[in-house]
Amino acid sequence: MERRLTTVLSADVAGYSRLMGVDEERTHAAFHACRNAIAEVVEKRGGRIFGEAGDGILVEFASPVEAVRAAVEVQNRLADLPLDLPEGHRMRFRIGINLGDVMVEAGNLFGDEVNIAARIESLATPGGVAVSAPVHDQVCNRLDHLAFEDIGEQMLKNIERPVRVYNVIIDARQPKASAQAESQRLGSERPSIAVLPFESFAGDERWQRIANGIVEEIISDLVRHGELAVIARASAFAFRGKSVDLREVGRMLGAEYLLVGSIQTSTGRIRLNVQLVEAKSGRHLWAERLERAKGDIFELEDAVVDAVAGSICGMDGAIVRAQLARLGRRHPAALESFEFYLLGLEREKTFDREKTLEAIDFLQQSLALDPGHARAWLILAYCWEHVAACFWQSDIQVAWQERRHAILKAAELDPHDPLVKIELGDILFDDGDHAAARTLYEQALAAGRTNADAMALIAKYVGGILGRPDEARELIERAMRLNPYPPRWYHMNKLRVCYLGRDYVGAIGAAHSSPEAPTTRLFEALSLVGVGRKDDAARAVTEMVERYPGFEPWNIARESWINGEGALDQFCEGIRALGLQCGPT
């Protein structure tokens with residue numbers, strides 16, 4: 001069966017059954033008038049209708065740019081089309097567009113990519129257009145008169161992987177997007193990356209196919225992270241086999257970063273080299289070399305995907321570090337939403353009172369420009385948690401309330417982010433729904449297997465409330481392998497994971513690299529008791545009480561992550577051994 005890369009447009013009428021119930025004949029006539037108008041636009045834009053069923057129409061375009069142009073033109077034309085319909089009843093179409101590899105048989109198109117277009121269409125507003133991330137990446141720099149609203153990753157019916165979706169902001173009366181829409185477009189921009197075809201030095205087609213497969217997996221994983229605008233495979237693969245200047249490739253693709261690689265084989269071995277390049281300067285930011293036995297090709301593929309996603313994405317990945325370095329050369333007046341977010345992120349990781357308060361201010365400025373940025377809400381929640389947990393303001397209840405508000409906003413915008421799932425689980429636990437909280441932690445674990453930050457954060461929950469300390473230790477060690485220059489909070493979570501696994505020596509070592517916080521001092525003291533150093537533990541407790549006079553250690557017992565039966569008993573026994581109360585007096 002033939003396959004080809006193509007753009008699929010799916011359109012149907014919002015509320016068609018209801019309209020038919022009001023007046024079948026007039027609705028039927030109105031639909032055919034709309035269908036004829038759509039066919040005219042499709043033909044003009046070089047598309048073809050390949051499927052119709054009821055009120056649904058499927059169209060193929062060779063170009064995603066022409067598909068989006070056609071969709072906008074269709075909606076504008078239909079808005080002005082005189083239709084004989086009952087008073088108060090309008091016929092409005094929803095349109096979804098996707099770009100991908102499809103099967104072709106007898107002129108018809110089949111496969112997941114066709115289904116994704118239809119599912120995306122259901123997310124569009126009546127009279128609107130929604131597009132998948134591959135379409136957005138192809139058209140966002142080519143259609144200046146349009147703006148796009150990122151509505152996050154969506155789980156679509158019968159589609160296994162989440163799909164990032166964008167609404168096209170249409171103003172039928174103006175050739176240019178409104179100033180507000182343009183501000184939204186600029187405010188929601190993310191760093192962009194293109195994964196170029198890996199070069200095979202093996203000399204046969206099989207290894208080139210393997211190299212292409214690895215690239216496909218890397219692209220899919222980067223898309224799942226949701227922190228980058230990932231250039232569509234079709235655009236990047238246009239440079240396959242060509243000798244080009246990487247800076248020129250970046251300019252042509254609209255990519256700030258390029259991932260390049262090569263695969264080599266020798267007797268019994270496979271070697272894969274991967275490099276991250278800043279497109280504008282051609283400077284290399286990160287590199288990885290992986291080698292395996294030839295029989296371990298799938299293990300090699302997994303290792304490459306994990307290494308790339310873990311090292312260049314995330315809250316402390318290579319791209320965030322590069323963006324922060326570039327910010328030092330920007331005038332504050334020129335900063336946009338994502339850059340305010342980066343400044344907030346950088347300060348949140350310090351666990352310093354003044355810098356955390358600065359982080360809150362930067363994040364609030366970011367969200368004023370782009371209130372739909374879920375990750376900014378999440379980092380704001382972390383900031384408020386630091387304020388409350390370290391008693392950095394007099395009324396910590398206000399800080400806890402701000403944290404709750406920020407988590408709920410993040411969950412509303414991006415419920416599939418494993419980091420968001422963890423925080424939402426905490427809220428459900430606090431509200432008394434412990435079973436639902438555990439379910440969210442399990443979902444976060446499943447969704448975060450290639451996300452170093454998610455694994456580092458979920459590890460303490462796996463060891464504590466889910467009762468699997470050995471697995472928790474594997475997770476935190478894997479997170480640190482994927483992110484070899486981890487922020488200090490990784491060590492704080494390693495401290496807790498080691499404690500839960502009764503590796504008290506490892507816990508004490510992790511405490512030395514952890515941020516200064518009352519919980520750091522507490523779990524250091526608990527671990528010192530565990531190795532029999534009671535005098536050192538007593539000194540740690542004295543230091544904790546003097547530095548954090550409002551901190552009540554027994555409050556930890558209320559937190560969700562430690563509420564597995566074995567973990568809670570271990571904690572309470574340790575608290576008593578320190579001469580402290582494991583409950584309010």
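**View 1. Helices H20 and H21 run roughly antiparallel (an angle over 145 degrees).** In this predicted model, local features need pLDDT of at least 70, side-chain atom pairs count only at pLDDT 80 or more, and totals for chains, interfaces and linings use all residues. Residues are numbered from 1 along each chain as its sequence is written, and side-chain values use heavy atoms, with hydrogens and water left out. H20 (residues 488-500) and H21 (residues 504-513) pack at about 160°, axes 8 Å apart; axes are lines fitted to C-alpha atoms over the stretch in contact, and angles run from 0 to 180 degrees between N-to-C directions. Helices here are DSSP runs (H or I, at least four residues) numbered from the N terminus. Contact means heavy atoms within 4.5 Å, and the H20 residues that meet H21 include Leu 495 and Tyr 499.

**View 2. H18 lies roughly parallel (an angle under 35 degrees) to H20.** The axes of H18 (residues 452-463) and H20 come within 9 Å and cross at roughly 25°. Look for Leu 457 and Lys 460, among the H18 residues here, and for Trp 489 and Val 497, among their H20 partners.

**View 3. Here's the largest nonpolar core, with 89 residues.** Such a core is a set of buried (under 20% relative accessible area, 1.4 Å probe, protein chains only) Ala, Val, Leu, Ile, Met, Phe, Trp, Tyr and Cys residues joined through side-chain atoms within 4.5 Å. Ile 458, Leu 522, Phe 523, Phe 571 and Leu 578 touch the most other members.

**View 4. Zoom in on Phe 571 and its contacts.** Leaving aside neighbours within four places in sequence, Phe 571 touches residues including Tyr 499, Leu 522 and Pro 553.

Note on methods. Helices (H or I, at least four residues) and strands (E, at least two) are DSSP runs, numbered from the N terminus. Angles under 35 degrees count as roughly parallel, over 145 as roughly antiparallel, 65 to 115 as roughly perpendicular and the rest as oblique. Buried means under 20% relative accessible area, exposed over 50%, partly exposed in between (1.4 Å probe, protein chains only).
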